[in-house]
There are 2 protein chains.
Amino acid sequence: MVAHDLALGRQSCGDCPIRHRAVCARCEDAELARLEEIKYYRSFPAGQTVIWSGDQMDFVGSVVSGIATLTQTMEDGRRQMVGLLLPSDFVGRPGRMAAAYDVTATTDLLMCCFRKKPFEAMMIETPHVAQRLLEMTLDELDAAREWMLVLGRKTAREKIASLLAILARRQAALGAQQSRDILFELPLTREAMADYLGLTLETVSRQISALRQDRVIVLEGKRHVRVADFDRLLEEAGDDSDGGVPG
Amino acid sequence: MVAHDLALGRQSCGDCPIRHRAVCARCEDAELARLEEIKYYRSFPAGQTVIWSGDQMDFVGSVVSGIATLTQTMEDGRRQMVGLLLPSDFVGRPGRMAAAYDVTATTDLLMCCFRKKPFEAMMIETPHVAQRLLEMTLDELDAAREWMLVLGRKTAREKIASLLAILARRQAALGAQQSRDILFELPLTREAMADYLGLTLETVSRQISALRQDRVIVLEGKRHVRVADFDRLLEEAGDDSDGGVPG
DNA sequence: GTCTGACTTTGATGCAGATCAAGGAGGTCC
DNA sequence: GGACCTCCTTGATCTGCATCAAAGTCAGAC
């Protein structure tokens, strides 16, 4: 099973990498078969817009691989990212015609799309899909509220540390690390990080440099980050709770 | 039917003021009867904490009347409001033991609470409750994302105008106004507004004064606001879309 | 009536982060 | 090789909001 197969739709849900985390996680075989009938895959190269805010949207779907962002833009060009979509995250809203946000692929992106009308019908008829979607939406709401604290009350340094902590935690969760160090790639440009954090790209750059000089992180190239002391990073982020890092 | 009756639980759902907007909106008579068995009312005086973040929470529920807030607090005391709960809004999360945020009554508050365990059982068995909760959660997620733009990218003046616009729109929606002016009460102290907007209370006070001097709003006392030109207010808020104001 | 405390307003000053500006690193195309 | 991107870093300066401080307003208790 390679990406090429995925892109051509030659994939059964049973083999899907996000089978147990996406909106279909709870589906039984019959339900899965039904989903399979209304699904199709779409891929987007890094940088491409998936959909513009306000556009008619005739599908909903899941991120299979890669990373996408949701952003809002004001008339004068100020931009705020309001969501970071990782594999298994859901895109679109049942019952709504138009997209509410710009959706952009920040890396090469593969999406599993469902035609909207039949998906909405399924939502009503099969409870497992709606239940799972509720669970995922509640998680997203928690994440959004967490981010409101970051945007509203944290300093620039804390904001950067918070973002790095999210990425580091995700990386740590992906697999047992051979060393205690967490190593990960920044999937966002400095500008995209600024849009996420409500900062300017210059401030992002400066604060990353500062965290490097203060030995909180080690940069290997511009996009690879090594975190030796995760608790230290959390401290810098202003988080009290120590998240569940393995090791 | 008076508040006193409500507080004592002497109320059938049929007469409930939030019957058609709350989590029970879609329920049929039989479902309603079942909800009625597991519900009870609680009232809180203005200023009282409904629940502390981290506390065990053995109920979920709806705001029947009054206003409550969700806030997050950092170790050093920085606070960010992450939700404003108006009548019909839902409190708590099925499937979670502990409260994630502090919930505080900012006005006298009446809540319709459901015992958590039986409510969770109902979520699984009756689709209408889960469907309605999904819809409400998606709306809340949209509101949270809207607020992320406010927190991350708007100036202090725009933040205040945005909050006033939300309150004004809600008031306008409540009933046909006899005049074109929208008149409403601020349900929050300056400090609570600051917590909502990621500002200090001094900045809130100054910006409200500035909007008054610039004739965007008229203050009648400290807590009553008159908005003569709603479009002007939206302009000040940096919103392009003109929301659906009647008249 | 006065006292008290919660809430609000206004002024003076300081600083974190924005803005303006320049240059560096690394990639791709020719 | 050089030209030309895009992305990133760093420096100098400016400014919007925070901070520190003091006084005003109003309702309720007595």
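User: OK, helices (H or I, at least four residues) and strands (E, at least two) are DSSP runs, numbered from the N terminus. Which helix gives the most to the surface near DNA strand C?

Analyst: H7(B) does, with six residues. "Near" means that a residue's C-beta atom, placed from the backbone, lies within 6 Å of the strand. This is a predicted model, where local features need pLDDT of at least 70, side-chain atom pairs count only at pLDDT 80 or more, and totals for chains, interfaces and linings use all residues. Residues are numbered from 1 along each chain as its sequence is written, while chains are lettered from A and ligands numbered from 1 in the order in which they are written.

User: How many residues surround DNA strand C, and which are the closest?

Analyst: There are 16 around DNA strand C, and the closest are Thr203(A), Thr189(B), Arg190(B), Ser205(B) and Ser209(B). Helix H7 (201-213) of chain A, plus H6 and H7 of chain B, each supply at least two residues of that surface.

User: At what angle do H6(B) and H7(B) pack?

Analyst: Helix H6 (residues 190-197) and helix H7 (residues 201-213) of chain B pack at about 100°, with their axes 8 Å apart. H6(B) and H7(B) are therefore roughly perpendicular (65 to 115 degrees). The residues making this contact include Arg190(B) and Met193(B) of H6(B), and Leu201(B) and Ser205(B) of H7(B).

User: New topic! How many residues of chain B are in contact with chain A?

Analyst: 30 residues of chain B are in contact (C-beta atoms, placed from the backbone, within 7 Å) with 30 of chain A. On chain B's side, strand S5 (79-85) and helix H4 (127-153) each give two or more residues. H4(B) gives the most, 18 residues.

Conventions
Two residues are in contact if their C-beta atoms, placed from the backbone, lie within 7 Å. Axes are lines fitted to C-alpha atoms, for helices over the stretch in contact, and angles run from 0 to 180 degrees between N-to-C directions. Angles under 35 degrees count as roughly parallel, over 145 as roughly antiparallel, 65 to 115 as roughly perpendicular and the rest as oblique.
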